[in-house]
Amino acid sequence: MTLAAVVAVVAVMATGCSGAASQDTAPVPAGALRPLTDAEQWRIADAEQRLIKQCLNRHGFTYWEAERPSLAESRTLGYVADDVAWARTYGYGSRIAAKEDRARLANPNLAYRKGLSAERRKAYDDALDGGIDAPEITAELPNGATVRRRMGGCVAEAEKRLYGDPTAWFRAHKTASNLQPLYVPEVMRDKRFVAALGVWSACMRRAGHPYQDPGAARRAARERALRSTSDETFAAERRLAVADATCARGASLAAIGTEREAHYLNALRGRYGQALDTSRRIEREAYVRAARLVGPRT
């Protein structure tokens with residue numbers, strides 16, 4: 001395993017490691033198959049970190065759980081962001097992203113692994129994720145491409161503890177989370193969404209921000225943040241984000257977008273409904289297990 005792989009485990013895996021899958025989680029009924037919230041997804045991630053730490057400790061290694069940002073700082077911004085209060089404080093999140101970058105670079109697990117002898121480093125890698133000899137699992141995406149990942153060590157144990165059947169979850173999740181290219185173009189062409197986007201754009205022009213869509217506004221802010229991290233630049237980012245969120249609220253852009261997204265996603269259920277339901281059911285059960293291990297972010 002490379003240093004980059006260790007970073008990937010910490011940053012992406014939501015992490016954890018222990019024994020076999022818990023058998024005391026009741027199946028989730030079909031009526032409860034809603035997508036998890038950001039807060040619920042992060043709780044699974046934090047539980048996975050806890051389990052990986054416990055697992056590596058059993059193997060005789062030290063492991064530091066990933067830093068847990070506040071719930072507000074953990075927010076995932078969708079195409080439309082209409083929380084004016086959040087925008088007033090965080091803008092589009094450029095300083096949150098910078099903080100996350102610094103945390104990755106300062107990840108103590110990287111320094112710890114680097115300080116191990118060659119023999120111990122290999123043992124650490126094998127314990128963490130099975131190393132290069134870990135078995136490989138595959139999933140076919142809706143676009144026909146195949147994705148692969150190695151599945152072993154404490155990462156595999158953690159996922160088994162949380163998800164029950166990590167292979168079933170991986171395959172269903174990869175299908176469910178890669179459907180956007182199939183329905184997003186339909187949403188963007190939808191008459192109701194296009195009309196709401198026009199209202200948003202007109203509102204932004206009146207506010208002095210002539211952007212055609214939220215993506216363009218966010219890209220402009222991101223490009224400025226890359227050129228300068230000054231307080232003045234961040235203040236401008238916050239002003240733009242506040243105008244964006246205010247106009248989105250006035251146009252009901254998020255509500256219309258969410259409804260239209262659900263409509264077009266539902267049209268795909270004939271082919272992908274089983275994967276969607278399986279992914280949501282397994283993730284819901286994983287959340288129930290995770291809630292027994294770690295508290296929520298605040």
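Trainee: Which cysteine forms a disulfide with Cys55, and how far apart are their sulfur atoms?

Mentor: This is a predicted model. In it, Cys55 bonds to Cys154, with the sulfur atoms 2.0 Å apart. The S-S torsion is about -75°, so this disulfide is left-handed. The link spans distant parts of the chain: Cys55 sits in helix α2 and Cys154 in helix α7, 99 residues apart.

Trainee: Is Cys55 buried or exposed?

Mentor: Buried means under 20% relative accessible area. Cys55 has 0%, so Cys55 is buried. Cys154 is also at 0% and buried.

Trainee: How many disulfides are there?

Mentor: The count is two. The other case to read joins Cys203 to Cys247, S to S 2.0 Å. Its torsion is about -75°, so Cys203 and Cys247 make a left-handed disulfide. Cys203 lies in helix α10 and Cys247 in helix α12, 44 residues apart. Both cysteines are buried.

Trainee: What describes a pair of aromatic rings?

Mentor: The distance of the centres and the angle of the planes. This structure holds six aromatic pairs. Take Phe61 and Tyr124: centres 5.4 Å apart, planes at 85°, so the pair is edge-to-face. Phe61 is in the loop between α2 and α3, while Tyr124 is in helix α6, 63 residues away. Phe61 is buried at 4% relative accessibility, and Tyr124 is buried at 0%.

Trainee: What are the centre distance and plane angle for Trp86 and Tyr90?

Mentor: 5.0 Å and 40°, a tilted pair. Trp86 and Tyr90 are four residues apart in helix α3, so about one helical turn separates them. Trp86 is buried at 9%.

Trainee: Which residues form one aromatic cluster?

Mentor: Phe61, Trp64, Tyr112 and Tyr124.

Technical notes:
Residues numbered from 1 in each chain as written. Predicted model: local features only at pLDDT ≥ 70, side-chain atom pairs only at ≥ 80, totals over all residues. Heavy atoms only, no water. Phe/Tyr/Trp six-rings, centres within 6.5 Å; stacked < 30°, edge-to-face > 60°. Helix = DSSP H or I, 4+ residues; strand = E, 2+ residues; numbered from the N terminus. Buried < 20%, exposed > 50% of the residue type's maximum accessible area, 1.4 Å probe, protein only. Disulfide = S-S within 2.5 Å.
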